[in-house]
Amino acid sequence: MKASAFDYARVASIHHALEMLSLHGEQAKLLSGGQSLLPAMNLRLVSPQILIDIGDLAELRGIAVDSDVLRIGALTRHVELLTSHLVAAHAPLLSDAVKHIAHPAIRNRGTLGGSLAHADPAAELPACMLALNATIIACGRDGERRIAAAEFFQGIYATALRPDELLAAVELPIARQNSVDFFQEFARRHGDYALAGVAARASVASGGFSKLRMAFFAIADRPVLANAAAKLLNVAITPELIADASVAFGNELNPPEDQQASSSMRRHLASVLFRRCVEALLARGRLYGGAG
Amino acid sequence: MTAPMPISLEVNGERVDLHVLPRVNLADFLREHLHLTGTHVGCEHGVCGACTVRVNGEIVRACLMLAVQVHGKTVQTIEGLSDSGEVADLQSAFRERNALQCGYCTPGMLMAAEDLLKQQNEPSRELIREHLSGNYCRCTGYQAIVDAIEATAHSRRGRPR
């Protein structure tokens, strides 16, 4: 239960980090909050030869709004997402989601960039990026690369990041006046990884959806968008339509099985979440729509 | 480079300059290098909370931080909070309410509870449970722990500051 021996380098600039990455390639791991990496190292599931500690890089911090984009630095910690007024105003989905991630002591260390680069299929933040149609900004020696969230997550612990790139920030389109967010997950205990979960953003007008992005997690090898959401766009929503769409959604899935839940249990939970999510989004949309 | 690296930090108000291997986590560093054995090691992968300490004023898992990451930072352990008297009333409440049996989880419980009480002067039982959800106790069933924290919050509200 102790990590095997490794080298450690604390870097003072992104440039220095990228140099170290290109020097050591896949034998290196970037260390930010370490709340997923260090448990894996203690359990000897991974044994990198060198850790490159980017924790001091101020240029990877900060939350800012620039016209209609919310930019969040990779080193932003979960606790900062939870308490940020900018996040609460422009991406309330993230404020909701972070409450479900682990526990206070872990949220004080874990980072947004770390969670996304780790790409655990049961993690909350990757699904939020997909729901919010985020752009992930990767930094390499040739400059920046902008990657859509839908292309970024490629499988269990697998992303579009190259071994010599680091995740610098994410950019999110800010919430519009008629947009509503919803987050819910099922877990055995609060703070555990989810058995199934959903993160969603929708635009609601005249009691229907003009946009609907529902990203599900813990039900595939990566977060996935519900294709069945298309059935609910620009039509009058009835309970029958929601029921049909949630069945169609269940049929899209082939969830993995583990000690936590069987495949059919995950499919069932995801269908329940689908229905609850649609109903909650509509109710919230009506609430805000009625006031405006 | 797997050789020991120099680190400087402050632990419970005292400056510490030592050399440490990169693989040594903060919990082991505190226990084995500084002989501060109040920080307990349970699961070593961030689940049980027995190793909870403060770094720069915020609670963290000492098993999920490397000692080399704490270079230049301030660490407070249960020894520090106990010696300064910061948690004296909380400790008394734990004793009075039988909020510990074997005591293994207690240092981590006290660190997490004090963290909550610093942020909230009137936490509900639900909030107490939520804040302690990352700290496991295998003896008490938690009821007495929640009682002790609730009682401490109550008595602190009546205390002139």
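Across the interface of chain B and chain A, 13 residue pairs are in polar contact, with both residues at pLDDT 80 or more. A polar contact here is a pair of N or O atoms within 3.5 Å; within protein, one must be able to donate a hydrogen and the other to accept it, and residues adjacent in sequence count only if both atoms are side-chain atoms.

Before we go on, this is a predicted model, in which local features need pLDDT of at least 70 and side-chain atom pairs count only at pLDDT 80 or more, while totals for chains, interfaces and linings use all residues. Residues are numbered from 1 along each chain as its sequence is written, chains are lettered from A and ligands numbered from 1 in the order in which they are written, and side-chain values use heavy atoms, leaving out hydrogens and water.

**Where the chains meet**

Chain B brings 26 residues to the contact and chain A brings 32 residues, where contact means heavy atoms within 4.5 Å. About 2,600 Å² is buried between the two chains, and carbon and sulfur atoms give 54% of that area. Buried area is the accessible area (1.4 Å probe) that two parts lose on being put together, summed over both. B:Arg23, B:Glu44 and B:Leu64 supply 23% of the area that chain B buries against chain A, more than any other three residues.

**Charged pairs**

Side chains of opposite charge can pair when their charged atoms come close. There are four salt bridges between chain B and chain A, each being a side-chain nitrogen of Lys or Arg within 4 Å of a carboxyl oxygen of Asp or Glu. Here are two salt bridges to look for:

| Residue in chain A | Residue in chain B | N to O distance |
|---|---|---|
| A:Arg77 | B:Glu58 | 2.7 Å |
| A:Arg107 | B:Glu130 | 3.6 Å |

A:Arg77 lies in the loop between β5 (69–73) and α3 (78–83) of chain A, and B:Glu58 lies in strand β4 of chain B, so this pair joins two chains. Helices (H or I, at least four residues) and strands (E, at least two) are DSSP runs, numbered from the N terminus.

**A sheet in chain A**

Now turn to chain A, where five strands form an open antiparallel sheet in the order β4-β5-β10-β6-β7. Two strands pair if DSSP finds at least two bridges between them. The edge strands, β4 (63–66) and β7 (143–148) of chain A, each pair on one side only. Inside this sheet, β6 (residues 135–140) and β10 (residues 166–173) of chain A pair in the antiparallel sense over five bridges, and A:Ile136 stands opposite A:Val170 in β10(A).
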